[in-house]
Amino acid sequence: MAGTNKTFDAVVIGAGFSGMHMLKSLRDKLGLNVRVYESGDTVGGTWYWNRYPGARCDSDAYIYCFTWDKQLLQDWNWTERYPEQPEILRYLEHVAERHDLKRNMQFNTRVIGAEFDETTDMWRVHTDKGDDVTARYLITAVGSLSTTNIPHFEGLETFQGKWCHTSRFPRGGIDFTGKRVAVVGTGATAVQAIPEIAQQAKQLTVFQRTANYCVPARNGKVDPEVVRARKADYDGVIDRIRKSFFGFEYGFIEKSALEVTTEEREREFDRMWDAGGFAFWLANYQDMFFIQEANDLCADYIKRKIRKTVKDPVVAEKLIPKGYAYGTKRQPLDTNYYETFNKDNVLLVDATIDGPIERISGRGIQAGGKEYEFDIIVFATGFDAMTGPLKALNLKGRGGRTLDEQWVHGPQTYLGISVAGFPNLFTLTGPQSPSVLSNMPVSIEQHVEWVTDCIAKMREAGKTTIEATGEAQEKWVAHVNEVVSGTLMPGANSWYMSANIAGKPRAFLPYLCPEGVGGYRRKCDEVAANGYEGFALA
Ligand SMILES: Cc1cc2nc3c(=O)[nH]c(=O)nc-3n(C[C@H](O)[C@H](O)[C@H](O)COP(=O)(O)OP(=O)(O)OC[C@H]3O[C@@H](n4cnc5c(N)ncnc54)[C@H](O)[C@@H]3O)c2cc1C
């Protein structure tokens with residue numbers, strides 16, 4: 001297989017939001033010679049791969065974009081509050097073209113291994129197209145939610161119909177008209193896809209393992225006056241989201257849910273419910289994530305809404321979340337999700353009540369001793385989040401050590417951006433950074449800026465390697481785990497807790513900074529200002 005064997009200053013893996021920005025920054029600010037490898041056939045990452053019906057962002061679009069192209073912030077007009085996948089992909093293609101990014105990108109190329117050469121202090125990177133290149137810096141922009149998870153279902157290979165995973169949907173879509181369709185899973189993706197598929201399918205059967213707390217998206221056109229005001233104050237918007245808790249223009253209600261009157265609480269709940277989006281999740285009473293009784297009040301409000309919306313009380317009971325606190329799993333945004341279960345052509349099969357999926361047969365799915373027949377099965381079963389795409393890179397650090405060996409009990413990083421024993425490796429939005437617990441472009445830009453600054457300073461100082469110390473890493477891991485143990489998050493079998501994948505060591509994957517993404521940014525900046533405290537430079 002023909003491939004290159006060149007030397008670059010930096011190799012970046014992935015061409016989504018992170019890889020695009022990293023390239024732009026290293027190439028155009030620092031003048032580095034960069035190669036980006038991407039396994040897809042164009043830019044976009046998440047927005048290239050996730051083409052299922054109903055796929056859209058659920059961060060408000062005005063802050064779900066790059067903030068470094070100030071002119072584009074003014075010129076680009078989103079068609080709705082949460083644009084659909086094709087529109088976000090169009091935006092990212094436009095950015096790639098506008099900044100001539102593709103000339104440094106190689107598509108349809110998967111990085112299959114990389115090792116740090118201790119004699120030259122360079123990374124050697126290998127691809128499935130036969131490239132064997134070297135680079136001083138290796139930057140992973142592989143995404144947190146890019147490794148598809150299809151649980152092992154016995155008999156899947158015998159299924160006579162079509163099946164696919166939501167993040168590997170065929171281009172051009174699937175025509176569900178007149179078909180008997182199964183959706184397996186009820187996470188954020190399924191909550192977007194189910195109402196859309198139900199409109200086409202003859203019969204839709206949803207297989208639910210865990211009921212979710214869904215809150216209304218309230219998508220639609222944004223008032224032109226609001227758009228104008230935001231554009232007039234984009235610098236203010238950017239400043240606020242960067243200093244915020246979760247990367248949104250939200251803050252907690254600075255009271256306990258337990259200290260206010262029932263009337264006041266209901267008024268606040270109604271206000272957040274009516275605002276739609278993540279307000280109910282991320283701008284609720286400040287003790288919601290910490291105190292079970294406060295959380296119960298929020299959960300109870302949503303449960304009442306579910307019972308009111310779903311007409312059949314038996315189905316409503318199946319849809320009522322049980323056994324974990326509200327907000328401790330990724331918040332799905334609902335557009336007609338609960339209403340969809342009032343349709344005659346929609347059936348809900350709940351693992352606890354009706355019995356779990358036992359196997360896939362030639363004709364469909366067997367669950368609870370009963371066989372359900374299908375033409376198409378859609379797996380909305382999520383991702384091997386955060387650590388999955390990094391482990392798949394087969395990285396070898398000092399002494400040939402792999403991430404698999406180092407992460408047997410869960411991820412071990414320093415600041416979520418570096419790993420001890422892996423010099424000059426930077427993991428954008430890596431495990432133990434705020435990442436998926438934030439509006440991600442904010443966290444992506446913070447990491448890209450920090451890495452760019454770090455490389456610039458290393459070059460100025462004539463340093464060739466930077467590497468987290470084992471001691472700093474140990475302290476960071478302990479800190480990440482200590483913070484989360486003070487919240488209700490560890491009580492949920494969520495993908496945040498690595499619990500969606502059989503055999504994955506139970507560990508909290510992101511970092512919930514007590515001072516939010518603003519505090520995390522300050523912490524990273526302090527580390528840099530103190531001469532890269534916790535790192536060894538050589
Ligand atoms: C359906 C869905 C909706 C989402 N909605 C939101 C939202 O509303 N708000 C929000 O903040 N976040 C959302 N996210 C999270 C989203 O992933 C991030 O917002 C953002 O797109 C991440 O960008 P990225 O570049 O870091 O990673 P990605 O977009 O995942 O890109 C990573 C790229 O790396 C490539 N890659 C991985 N491994 C290799 C390899 N070995 N070799 C070559 N290439 C490789 C992949 O092909 C992929 O293209 C959503 C995620 C999903 C799945």
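This briefing covers the overall build of the protein chain and its salt bridges. The model is predicted. The protein chain holds 17 helices and 20 strands. A search of the whole structure finds 38 salt bridges.

**Overall build**
- Along the principal axes, the C-alpha atoms fill a box of roughly 70 × 55 × 45 Å.
- Of the 538 residues, 57% count as buried.
- Among contacts with a separation of 6 or more, 72% come from residues 24 or more positions apart.

**Surface and charge**
- The protein chain exposes about 21,800 Å², and carbon and sulfur atoms supply 49% of that area.
- There are 63 positive and 69 negative side chains, and the centres of the two sets lie 3 Å apart.

**Salt bridges**
- Arg242 pairs with Glu445, with the closest N and O atoms 3.4 Å apart. Arg242 sits in helix H7 and Glu445 in helix H15, so the pair ties together parts 203 residues apart in sequence. Glu445 counts as buried because its relative accessibility is 3%.
- Asp384 pairs with Lys504 at 2.7 Å between the closest N and O atoms. Both residues lie in loops, 120 residues apart. Lys504 has 14% relative accessibility, so this residue counts as buried.
- Asp404 and Lys391 meet at 3.5 Å, N to O. Asp404 is in helix H14 and Lys391 in helix H13, so the bridge ties together parts 13 residues apart in sequence. Asp404 counts as partly exposed at 46% relative accessibility, and Lys391 counts as partly exposed at 25%.
- Arg180, Arg363, Glu371, Glu373 and Asp375 are joined in a salt-bridge network.

Notes
Residues numbered from 1 in each chain as written. Predicted model: local features only at pLDDT ≥ 70, side-chain atom pairs only at ≥ 80, totals over all residues. Heavy atoms only, no water. Helix = DSSP H or I, 4+ residues; strand = E, 2+ residues; numbered from the N terminus. Buried < 20%, exposed > 50% of the residue type's maximum accessible area, 1.4 Å probe, protein only. Contact = heavy atoms within 4.5 Å. Areas by Shrake-Rupley, 256 points an atom, 1.4 Å probe, with all protein chains shown as cover. Lys, Arg positive; Asp, Glu negative; His and termini not counted. Charge placed at Lys NZ, Arg CZ, Asp CG, Glu CD. Salt bridge = Lys/Arg side-chain N within 4 Å of Asp/Glu carboxyl O.
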